[in-house]
Amino acid sequence: MEDHHSSLSSGFVGDGSVDLHGHSVSKAHTGRWKASLLIIGVEIAERFAFTGIHSNLVTYLTDVLRESTATAAKNVNIWSGVSFMLPFLGAFVADSYLGRYWTIVVSSVIYLMGFILVTLSASLTSPKQVGIFFFSIYLVALGQGSFKPCLQAFGAEQFDGDDPGENKYKSSFFNWWYFGICIGNLTGFTVLTYIQDYIGWGLGFGIPAVTMAIALFIFLCGTRFYRHKLPGGSPLTRIVHVFVATIYKWNVSTSYQEEKNVARIEEREVLIFGPRRPQLRTDQFRFFDKATVEDELDHECKITFNWRLCTVQEVEEVKDVLGLLPIWMACLMYGLVFAQSSTFFTKQGSTMDRKIGSHFEIPAASLQCFTSLSILLLVPVYDRIFVPIARHLTGNERGITMLQRIGTGMFFSTISMIIAALIEIRRIEVAKDSGLIDLPIATIPLSIFLLLPQYVIFGIADVFAMVGMQEYFYDQMPDTMKSLGIAVYLSVLGVSSFISSILISITEKLSCRSKGGCWFTNNLNNAHLDYFYWLLASLNAINLCIYMFLASCYQYKNAKKYISYEDDESLSEMPLLHS
């Protein structure tokens, strides 16, 4: 404990952060907003580049590769799902072996190679174009999957979690991180979609490649300002260890007196993974506590790693991970709704009047920029006005809890789907009245800006739900699994994209057998997207009720401040570990 205080008084970071070479780092010259704002700048460039692929992909598949609307939507959802599931791979490598910095560098190179191949494929006209294009976008997905969770976790750890003066800014970091994401998305929606639709796909894909190269250069320039956390070993091994030890001790009764001796011995071994913040014992999943009880076989065991015995810290980490699963599953429905903004919302807009003035016509995908615009306007209001007022009323340092924030976003996403359904009904009515119901290419005399409400309200939902999920899954994961925490958040979007693809397939087959006709056809004027939106709104409302129940039962992670395990004296100051 004294070592920790001395590190603070001597001007070094006290939460175990080091520089790239493993040496202690100065509080004054590293980390904080100086480093995190540079990282946010890198994220802005990366989001701009990624948006150049993601936002208009459905248009490229239908107009250039000649896929049907339903097939293109399913392919986009599958690709998005893979993109948002691959972060598990990058996060695992970063937390276990390479560390976040080197994982970011390696993934950036892969990312850049993917963008270059996408650009080359757009210039081909041979039968190989399709194969090269899909290979390249999945290479982009691999790069993004390793890059994104590590960069966000790396930015958040630039604030010392054991310094109250720095720790209070960590919650604000997530708000401004999402603010930066929306700047990148907004410029991508407005600039790149226009270039792709009206100038050429080669240039529209080439600009993201150059931007990604610039992002990597900026990141490397800030190396001397960064704080690093040492890899903590394989989290998968520690999780399996707890399950195996629990099975071995299935019939053992828990005795806290026995556990005390075990934990005191085993906590020393944790030093090989660097310092951690010990967690207090919780009452959830009590059967895992058996893994910390020492029996005669453990006492006689001479090997360094004993699969039959775990520390209290290891058990509580597994409890933390398992405790996230119900909330994670409840968030999937929000991700399913989120997937529609880049597929069916875009196809809706492509049938409507997109002219501004007599000559200028905006791309349908660029309407997504209004979601980003609403977020850019609301994030400063939330961070600078709403949080201080709510903090005064609730006493919570975040204003409202992380789970309350997510639930509020789910409510607004339901409203967005209801409005989307109503507007779609109006769009079909105008098509019928204008005699355009059987003319899929004709422009319906209805302004595309009628879609604005569903995009804007979706932006409001994102300010609450998306930022809330980022902070929640990062904050509630164990200290040695922070990259995986971001990957868990991203997997909500990934799994939801897969579910969306499956739901579209099932709905398409069932609706085509009914008398009402297919919900999804290439001619959207004969389709029933409004039915699909009503279905999503209903499922989302039901899911919100389930989520509210799960959130009311959730027990937040309880961790002590940083404690050093350097000597016996510091070990004697940890009675709460075993209480």
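## Cavities and confidence in a predicted model

Helices α2 (32–54), α4 (69–85), α8 (164–198), α13 (312–338), α15 (369–394), α17 (452–476) and α18 (482–513) each contribute at least two residues to the lining of the largest cavity. Helices here are DSSP runs (H or I, at least four residues), numbered from the N terminus, as are strands (E, at least two). The model is predicted: local features need pLDDT of at least 70 and side-chain atom pairs count only at pLDDT 80 or more, while totals for chains, interfaces and linings use all residues. Residues are numbered from 1 along each chain as its sequence is written, and side-chain values use heavy atoms, with hydrogens and water left out.

**Cavities.** A cavity is a set of points, on a 1 Å grid over the protein atoms alone, where a 1.4 Å probe fits but cannot get out; its lining residues have an atom within 4 Å of a point. Grid points are joined across faces, edges and corners, and a volume is the space filled by probe spheres set on the points. Two cavities of 30 Å³ or more are counted by this rule. The lining of the largest comprises 31 residues, of which H54, Y178, N185, F189 and F338 lie nearest its centre. Helix α8 gives the largest share of that lining, five residues. The second largest cavity is lined by Q284, K319, D320, G323, Y554, Q555, Y556 and K557.

| Cavity | Volume | Lining by class |
|---|---|---|
| Largest | about 460 Å³ | 15 nonpolar, 13 polar, three charged residues |

**Confidence.** The protein chain has an average pLDDT (the predictor's confidence in each residue, from 0 to 100) of 80, and 85% of the residues score at least 70.

**Backbone.** Most residues other than glycine have a negative phi. R66, in the loop between α3 (57–63) and α4, has a positive phi near 60°. At 68% relative accessibility, R66 is exposed (over 50%; buried is under 20% and partly exposed in between, with a 1.4 Å probe and protein chains only). F285, in the loop between α11 (256–269) and α12 (296–300), has a positive phi near 50° and is partly exposed at 28%.

How values were computed:
1 Å grid on protein atoms, 1.4 Å probe; cavity = no way out; pocket = protein on both sides within 12 Å on 5 of 7 lines; lining within 4 Å. Nonpolar A, V, L, I, M, F, W, Y, C, P; charged D, E, K, R; others polar.
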